[in-house]
Amino acid sequence: MELKLNQDVMRTELSGIREFTYLVRDTPGACALTIGEPDLNTPEEIKNAAKAALDANDTHYPPGNGYAYLLKAISEYEAEKHGLNYSPDEIIVTAGATEALYASLRTICNPGDEVIIPTPAFLLYEAIVNLCGAKAVLMPTENDAYQISAARLRGMITDKTKAIILTSPNNPTGCIYKKETLEAIYQVLKDKPIFAVCDDVYRTLVYEGEYHSFSEYQDMRDRLIIVNSFSKPYAMTGWRVGWVMADAPIRDKIQIVHHERDCEFI
């Protein structure tokens, strides 16, 4: 008897990141340059706050999009640190940045849509796009010093293009998009019905020079989806807590995917 599985799952390969990580872990003297994780432990004040929450029996289902106080704190943080003004009602707390990416792409993509991924890239991007029934269109950047060329980007766009994923600093190269690069991307996208998914999880790990994110182009707010996480800046990778921000009409639809995902575990 032949059992047919989901075709999007069948065309998606399991990421090799974990395999490499386990190999390094089990090899004496090997230097781990695989998973994007700070070589620090979670700060004591964070762990103490978590212990206090456990002692207070704060262990029940939270509101679907996150506690109001946390949404408010993220909103204030993004406004103060990054100049991004998203209200608590435009933010969703997610199970890490990966769920934020999945919920966002699942919301905006239809079967056959194309998502541009500048490469080298985090391997899960392509897998997530595939699982959403869309097609990953890989755009090499090696010959452009790992920046994004406006001409190359224009050449990748078709009438099926739904989104582009922008990661700066980039995983795995560490490259930071220059202001001129972001401006070039903006000039290409500003009049097109294409989403820009900004994966900004590494932005706090920039220690010198000027940093800009594509999320600053707020006149494209209706097409911006911004993903961030507690993992990198606070050494909380194992906690799996992130968030996504988007203009209210888009955020309201992302929460549908987010809530239905939660229901799988109830």
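Which residue's side chain does Lys162 meet in a salt bridge? In this predicted model, in which local features need pLDDT of at least 70, side-chain atom pairs count only at pLDDT 80 or more, and totals for chains, interfaces and linings use all residues, the partner of Lys162 is Asp113, with 2.8 Å from N to O. Residues are numbered from 1 along each chain as its sequence is written, and side-chain values use heavy atoms, with hydrogens and water left out.

The chain has 9 helices and 7 strands, where helices (H or I, at least four residues) and strands (E, at least two) are DSSP runs numbered from the N terminus. Along the principal axes, the C-alpha atoms fill a box of roughly 55 × 50 × 50 Å. Of the 266 residues, 44% are buried, a term that stands for under 20% relative accessible area, whereas exposed stands for over 50% and partly exposed for values in between (1.4 Å probe, protein chains only). Among contacts (heavy atoms within 4.5 Å) between residues at least 6 apart in sequence, 69% join residues at least 24 apart.

Strands are said to pair if DSSP finds at least two bridges between them, and E7 pairs in the antiparallel sense with strand E1 (residues 91–94) over 4 bridges, with Ile91 standing opposite Met245. Strand E6 (residues 224–229) also runs antiparallel to E7, to which 5 bridges join it; here Asn228 stands opposite Trp243, and Ile226 opposite Met245. E6 is itself mostly covered, 6 of its 6 residues being buried, with Leu224, Ile226 and Asn228 pointing one way and Ile225, Val227 and Ser229 the other way.

Helix H8 (residues 179–189) has Thr181, Leu182, Ile185, Tyr186, Val188 and Leu189 as buried residues. Seen down the helix axis, these residues fall within an arc of 165°, so they line one face of H8, the arc being that of the directions from the axis to the C-beta atoms. The cover over the buried residues of H8 includes helix H7 (150–156) and strand E4 (161–167). A nonpolar core is a set of buried Ala, Val, Leu, Ile, Met, Phe, Trp, Tyr and Cys residues joined through side-chain atoms within 4.5 Å. The largest such core has 33 residues, of which Leu153, Leu166, Ile185, Leu189 and Phe214 touch the most other members, and H8 gives the most to this core, with 5 residues. Apart from this core lies another, of 30 residues, among them Leu101, Val115, Val201 and Ile225.

The structure holds 10 salt bridges, each defined by a side-chain nitrogen of Lys or Arg within 4 Å of a carboxyl oxygen of Asp or Glu. The pair of Lys162 and Asp113 links distant parts of the chain, since Lys162 is in strand E4 and Asp113 in the loop between helix H5 (96–108) and strand E2 (114–119), 49 residues apart. Both Lys162 and Asp113 are buried. Lys179 forms a salt bridge with Glu216, in which the closest N and O atoms are 3.9 Å apart; this pair likewise links distant parts of the chain, with Lys179 in helix H8 and Glu216 in the loop between strand E5 (195–199) and E6, 37 residues apart. Lys179 counts as partly exposed at 35% relative accessibility, and Glu216 is partly exposed at 32%. In the salt bridge between Arg223 and Asp222, the closest N and O atoms are 3.2 Å apart; Arg223 is buried, with a relative accessible area of 13%, whereas Asp222 is partly exposed at 41%. Finally, a network of salt bridges links Glu90, Arg221 and Asp247.
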